[in-house]
Amino acid sequence: MWYPWKKGPSGFSSSSTAEDVTQGVDATGLTAIVTGASSGIGTEITRVLVLRGAHVIMAVRNVDVGRKVKEAILKEIPNAKIEVMELDLSSMASVRKFASEYNSSDLPLNILINNAGVMAPPYMVSQDGMEMQFATNHIGHFLLTNLLLQKMKTTARDCQREGRIVNVSSVGHNFTYQEGICFDKINDQSSPFRAYGQSKLANILHASELSRRLKEEGVNVTANSLHPGAINTNLMRHQKFVEVVGSLLNKLFFKSIPQGAATPCYVALNPQVEGVRGEYFSDSNIAKPSALAKDAELAKKLWDFSLKLTDPKE
């Protein structure tokens, strides 16, 4: 065990930045999709991946904002390979459209970083009738990953390089409902924070069960999840009190955006993570999630539940 401000077994700590954890990594020839790439750590993840030579597709809800971010990165890194594609994770129709367009392209896919998310908004339901956080943070990414999985398997086989799926979760997964996932009342309105915790727990369970299935299948694609750290980004835009307090305490307790982007970039690119499957990371080191997050039966149940929700025949 290590203190947050001290280096862990990986050689990195909570103060490490995305550039630090990818120093010396050559990502030339790799293609990555980053969801939620137009703001917060998503933008920094994109910047650092292209800095290391990767070709990045920014999957964003607002294409105009995404293009502005792309232009800003290109000013800093003129030879960066970046594309912007529209993706609204709260809409299964949008996810299917994005995946169909991507799968129809000649682009490979080595890395999928499921980063986009919403935190504790006022209660609302998605276009598909689900509580917005569960729909956006989990179901949208679950469907996206499944639809792109064959592309990732093919890419890993053809280029002989490990594919990596990275789910950005949160330490907030500890603060879910007592049963973990409320399968019988997924649209519960009692607490936006518990609903957020539920969706973040789902991110970890998804990565764990996906990892198990990929290993069983014998394909060279891994899946892991992570906590990026407490970062005062627009993720907390729906909770003004939290946002104000966060601004006041930012320098003392919150990570900067480059530090927040470190663990996602570490899990996506660092050679230390090669062959690592189904783990949960924090501060660019393997960490311990909650007991619920390690419940294999709960992970399988969530997988089946998510398949039914995303099956157009249901």
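User: What is the relative accessible area of Cys-265, and does that make it buried or exposed?
Analyst: Quick heads-up: this is a predicted model, with local features needing pLDDT of at least 70 and side-chain atom pairs counting only at pLDDT 80 or more, while totals for chains, interfaces and linings use all residues. Residues are numbered from 1 along each chain as its sequence is written, and side-chain values use heavy atoms, with hydrogens and water left out. Buried is under 20% relative accessible area, exposed is over 50%, and partly exposed is in between (1.4 Å probe, protein chains only). Cys-265 therefore lands on the buried side, with a relative accessible area of 0%.

User: Which cysteine holds the sulfur closest to that of Cys-265, and how many disulfides are there?
Analyst: A disulfide takes two cysteine sulfur atoms within 2.5 Å. The closest cysteine sulfur to that of Cys-265 belongs to Cys-159, and at 19 Å it's too far for a bond. Going by that cut-off, the disulfide count is zero.

User: How many aromatic pairs turn up?
Analyst: Rings of Phe, Tyr and Trp (its six-membered ring) pair up if their centres lie within 6.5 Å; planes under 30 degrees apart are stacked, over 60 edge-to-face, and the rest tilted. Run that rule here and the number of aromatic pairs is six.

User: What kind of pair do Phe-183 and Phe-305 make?
Analyst: Their ring centres sit 5.1 Å apart, with the planes at 80°. Phe-183 is in the loop between strand E5 (163-168) and helix H6 (192-217), while Phe-305 is in helix H10, so-called by DSSP numbering from the N terminus (helices: H or I runs of at least four residues; strands: E runs of at least two). The two are 122 residues apart and both are buried. With planes at that 80° angle, the pair is edge-to-face.

User: How do helices H5 and H10 sit relative to each other?
Analyst: The axes of H5 (residues 132-159) and H10 (residues 296-310) come within 10 Å and cross at roughly 85°. Axes are lines fitted to C-alpha atoms, for helices over the stretch in contact, with angles of 0 to 180 degrees between N-to-C directions. Under 35 degrees is roughly parallel, over 145 roughly antiparallel, 65 to 115 roughly perpendicular, and the rest oblique. H5 and H10 are therefore roughly perpendicular.

User: Which residues does Ser-91 touch, leaving aside neighbours within four places in sequence?
Analyst: Ser-91 is in the loop between strand E3 (81-86) and helix H4 (92-104), and it's buried at 4% relative accessibility. Taking contact as heavy atoms within 4.5 Å, its partners beyond those neighbours are Gln-127 and Asp-128.

User: What separates the C-alpha atoms of Ala-223 and Ile-165?
Analyst: Ala-223 is in strand E6 (residues 221-227) and counts as buried at 0% relative accessibility. Its contacts beyond four places in sequence include Ile-165, Leu-210 and Arg-277. Ala-223 and Ile-165 are 58 residues apart along the chain, yet their C-alpha atoms are separated by 4.6 Å.
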